[in-house]
Amino acid sequence: MVDANVVASPPPFAFWQRDVFWRNSVNFGETRFTPFARTDLGAAGQPHNAADPRIAVIAATNSEVAAFLVWSRMPVARFAPDGTLTLSDQRYRNPVVADRFTVVAGPAK
């Protein structure tokens with residue numbers, strides 16, 4: 001059995017369709033569900049890095065990161081080469097709203 005989290009939400013003006021966001025312990029992805037076609041969640045995906053130990057170190061000294069981790073159901077972490085952390089929520093990665101659901105923090109000290 002695979003441990004997975006799946007969230008589905010209707011896009012505007014298309015209540016019969018759903019944007020489906022999935023993740024397992026390592027990867028995440030998204031697809032579109034419609035009742036008229038088969039939905040494949042796919043086996044591939046991108047790594048979400050949510051279990052990276054550097055996140056906990058940064059959250060211990062950064063209240064914005066700590067608060068974001070309490071709120072986010074589907075966190076996605078990216079580290080820049082200099083160690084800067086960018087946290088986003090998988091459900092809100094659309095470029096229209098992504099900047100309102102992203103936290104950037106300097107490297108752990």
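Two residues are in contact when heavy atoms of theirs lie within 4.5 Å. Keep that in mind for the legends below, which all show a predicted model.

Figure 1. Among contacts in the protein chain between residues at least 6 apart in sequence, 29% join residues at least 24 apart. The chain has 2 helices and 7 strands, and reading along the sequence gives the pattern β-β-β-β-α-α-β-β-β. Of its 109 residues, 33% are buried.

**Figure 2. A nonpolar patch on the surface.** Which residues form this patch? They are Phe15, Trp16 and Phe36, and together they have about 430 Å² of accessible area. Look for tryptophan 16 in the loop that runs between strand 1 (4-9) and strand 2 (18-24). Its relative accessible area is 38%, so tryptophan 16 counts as partly exposed.

**Figure 3. Two salt bridges to compare.** Side chains of opposite charge can pair when their charged atoms come close. This structure holds 2 salt bridges. In one of them, aspartate 52 pairs with arginine 54, and the closest N and O atoms are 2.9 Å apart. Are these two partners buried or exposed? Aspartate 52 is buried, because its relative accessible area is 18% and buried means under 20%. Arginine 54, at 41%, is partly exposed. The other salt bridge joins aspartate 89 to arginine 91, with 2.8 Å between the closest N and O atoms. Here aspartate 89 is buried, and arginine 91 is buried too.

**Figure 4. Threonine 84 and its surroundings.** Threonine 84 sits in the loop between strand 5 (75-79) and strand 6 (85-89). With a relative accessible area of 18%, threonine 84 is buried. What does its side chain make a polar contact with? The partner is the side chain of aspartate 82, at 2.8 Å. If you set aside neighbours within four places in sequence, threonine 84 is in contact with Arg78, Phe79, Val104, Ala105, Gly106 and Pro107.

Figure 5. Most residues other than glycine have a negative phi. Asparagine 49 has a phi near 60°, which is a positive value in a residue other than glycine. You can find asparagine 49 in the loop between strand 4 (46-47) and helix 1 (53-59). Its relative accessibility is 31%, so asparagine 49 counts as partly exposed.

Figure 6. Proline 75 belongs to strand 5. A relative accessible area of 15% makes proline 75 a buried residue. How many residues apart along the chain are proline 75 and alanine 50? The answer is 25, while their C-alpha atoms are separated by 6.1 Å. Leaving out residues up to four places away in sequence, proline 75 touches Arg23, His48, Ala50, Leu69 and Ser88.

Technical notes:
Residues are numbered from 1 along each chain as its sequence is written. This is a predicted model: local features need pLDDT of at least 70, side-chain atom pairs count only at pLDDT 80 or more; totals for chains, interfaces and linings use all residues. Side-chain values use heavy atoms; hydrogens and water are left out. Patches are made of residues with over 30% relative accessible area and no salt bridge: like charges are joined within 9 Å, nonpolar side chains (Val, Leu, Ile, Met, Phe, Trp, Tyr) within 5 Å. Accessible areas come from the Shrake-Rupley method with a 1.4 Å probe; for residues, only the protein chains shown count as cover. A salt bridge is a side-chain nitrogen of Lys or Arg within 4 Å of a carboxyl oxygen of Asp or Glu. Helices (H or I, at least four residues) and strands (E, at least two) are DSSP runs, numbered from the N terminus. Buried means under 20% relative accessible area, exposed over 50%, partly exposed in between (1.4 Å probe, protein chains only). A polar contact is a pair of N or O atoms within 3.5 Å; within protein, one must be able to donate a hydrogen and the other to accept it, and residues adjacent in sequence count only if both atoms are side-chain atoms.
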